[in-house]
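Subject: Handing over the structure, with notes

Dear colleague,

I am passing on the structure that we spoke about, and my notes follow below it. Please read them with the structure open beside you.

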Amino acid sequence: MLKISNLNVIFHTYAGEVKALNGVELSVNKSELLGLVGESGCGKTVTSLSIVGLLPPNAEVVSGEILLNEKNLLTMTKEEMRKARLKDVAIVFQDPLTYLNPVLTVGSQITEIISTEPKIFLPKLLEHRLDEIAQVENEKGRLDTQLLSEKQHLNSALETGKLDANEIKRLTRNYILSILRSVRLPHPEKALESYPFELSGGMRQRVMIAMALVRRPKLLLADEMTTALDVTVQAQILQLMKELRNDIDASVILITHDLAVVAEVCDRVAVMYAGDVVEVADVDELFKNPLHPYTQGLLASIPRVDSTIDQQSSIGGSVPNLIYPPSGCRFNPRCPKAFGKCPQTKPKLVEVSPRHLVSCFLYEE
Amino acid sequence: METNPPSETVQYGRGADIRHALHLLKRNRIVLAGAMVSVASIMLALLSGLLVNPTSWNQQNSNVILCWNNPAIDWHIINVFNCGGAVYPLGTDLYGRGLLQMIILAIPVDLCIAFEVVASAVLIGVILGGLAAYMGGLVDEIILRVTDIFLAVPGILLAIVLLVVLGRSIPVLTTAVLITWWPFYVRLVRSQVLGEKEKPYVERLHAMGAPGFRILFRHVVPNSIFPVVVQATLDIGAVILTVSALMFIGLTPDPKFPELGNLAKQGIQYLFTAPWLILFPGLTLLVISIGFNLLGDGIRDIFDPRLRR
């Protein structure tokens, strides 16, 4: 589905070149929920912004490729990239209030996604309504005349690709309401009429998710999606993500620094450190059997409610300055198990056991 | 002790907006006064054709020049002519026309020029300022340098030159004032858009693949428009004053033309013999421009949904 290989991104800053991503390797399978974890500044967000092509102007992609369904996102023109963002790659940001336009109603902000490019979305609208009609048919065994004629009408519209504006409007509203219902937004009709500040944090985040889902993306990036929400709402949103993943048929990358979130919802986890993906494994495997010394340190430093300890375990040292990153394995200055080879060359990400990849010399032959 | 019961339903949507705006308007007396004056002057302007014969300004009646027959005010001036039987509530002017009628005819002239100038300036400002800020680089540079050129020339002087060269007519006057007015809006809109386009929701729109022009004109501009609306309302008063000033110094299409500055101009020579001649057009100018100024201040508080919680 998505395959990132050898992605190097640098930021040109006054202080020097920040080598933010150092050959990131990552792949996401179809309909998979991948968690991308790591501490602040390790390159999680830069990775996601590279995928959607929204890196800030001072960033430069030095090398690498990002393949989405065999198409390289990095070599696309601006317009192709815009279309890709519209159709294929959606991103949900962390703070749902500031990411909504304060002066337009929620409804007009969702609707405009469709109304700006009606050609792209028309088949989706028609198929959605036809699915609804088919569902009624399944339940009742037959259709009344009204629905039957609507079905024929929509089928012919599907073939010709033409439908008049009012009907598109009606279908759009119907489609959006059903999406809003699927994200469990209470009173969706009312919410469409309200301004972002009239909604609670959880409702806004549901709106943001709905905005992503409306486009039926192939890949959904959730960048610290639940960070700004309180724990109960966070739990609801995560539950929602779990439920939705079956319906939306999209791959999801959940970017977070919260390992509990990862353990709760993800299928696989990629751990990043200082611009490198250091370990990728299935969730259970990673929590049971962390291989990379950084992952081990990270898991050991999760505070636990059920034990009283005097000293919270932590990883010694501090995150390296990425203008002058350590040579070789970027974790070597802080690594308790570092040895001669570590500062010299960068370890490759290799599969040490089935579906468990790690980039560390301890596990290389 | 009076306690309000908690309201059971929260109001949403546009209806609630308008109700809330009216509520804020009622609370703020000064703004309410400004709004009333502005609305009243606009109404008067719209109805002026019905109240006064629009061509009457061109008539002349040498029998009733500079007369005052309103017993409500005694000017203590000896040589005031009597107007015979006719009633002129605000006296008559140099041409024997009723001053009240002339003021009623002048209000739409002034307001119309002011609205035309401000609306065009806002439009130009939004388009050029928006593009300059949003596209940046060379486009920004070109637009800014052009506004600089226009700002470098003193506004009133440029207007005078244009009126003298192109002839003294209302369209030329409107254009002349507009030419000195639009650069401020370009700068204002540009500065607002520059701040607004860095906001997270713009990033989200990019991430959703929204087209650039749509992001600019549907999202960024409406979010940056409040200072512009305030400025525009304030400028209605300012443009009226500028236009009157130009007329006052004699740049009129016709000495008899009903325009507040032009009407006031007649009065300078007769300051002590016919004070109403300068007083009432001047007062009208004052009231209208203060009215729009107060309204401008109030609009921001009322129509900015972000200030409402």
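At what angle do H3(A) and helix H8 (residues 201–214) of chain A pack, and how far apart are their axes? They pack at about 15 degrees, with the axes 9 Å apart, where axes are lines fitted to C-alpha atoms, for helices over the stretch in contact, and angles run from 0 to 180 degrees between N-to-C directions.

Before going further, please keep in mind that this is a predicted model, in which local features need pLDDT of at least 70 and side-chain atom pairs count only at pLDDT 80 or more, while totals for chains, interfaces and linings use all residues. Residues are numbered from 1 along each chain as its sequence is written, chains are lettered from A and ligands numbered from 1 in the order in which they are written, and side-chain values use heavy atoms, with hydrogens and water left out.

**Confidence**

The predictor gives the complex an ipTM of 0.80 and a pTM of 0.79. Chain B has an average pLDDT (the predictor's confidence in each residue, from 0 to 100) of 85, and 90% of its residues score at least 70. Residues 1–11 of chain B stay under 50, and for them the model has three contacts beyond four places in sequence, a contact being heavy atoms within 4.5 Å.

**Helices around H3(A)**

Helices (H or I, at least four residues) and strands (E, at least two) are DSSP runs, numbered from the N terminus. The angle quoted above makes H3(A) roughly parallel to H8(A), because angles under 35 degrees count as roughly parallel, over 145 as roughly antiparallel, 65 to 115 as roughly perpendicular and the rest as oblique. The contact joins Val106(A), Gln109(A), Ile110(A), Ile113(A) and Ile114(A) of H3(A) to Val207(A), Met211(A) and Val214(A) of H8(A). Of these residues, seven are nonpolar, one is polar and none is charged; here Ala, Val, Leu, Ile, Met, Phe, Trp, Tyr, Cys and Pro count as nonpolar, Asp, Glu, Lys and Arg as charged, and the others, Gly among them, as polar.

Helix H3 (residues 106–116) of chain A also comes within 10 Å of helix H6 (residues 165–182) of chain A, axis to axis, and the two cross at roughly 125 degrees. H3(A) and H6(A) are therefore oblique to each other. In this contact, Ile110(A), Thr111(A) and Ile114(A) of H3(A) meet Thr172(A), Tyr175(A), Ile176(A) and Leu180(A) of H6(A).

**Two sheets in chain A**

One open sheet of chain A has eight strands in the order E6-E7-E8-E3-E9-E10-E12-E11, with mixed pairing; two strands pair if DSSP finds at least two bridges between them. Its edge strands, each pairing on one side only, are strand E6 (89–92) and strand E11 (350–353) of chain A. Within the sheet, strand E9 (residues 268–273) and strand E10 (residues 276–282) of chain A run antiparallel and are joined by six bridges, and Ala270(A) stands opposite Val280(A) in E10(A). Helix H12 (residues 293–300) of chain A lies across E9 and E10 of chain A, running at about 100 degrees to E9(A).

Another open sheet of chain A has four strands in the order E2-E1-E4-E5, with antiparallel pairing. Strand E4 (residues 59–68) of chain A pairs with E5(A) over two bridges, and Leu68(A) stands opposite Lys71(A) in E5(A). H1(A) lies across strand E1 (2–13), E2 and E4 of chain A, at about 110 degrees to E1(A).
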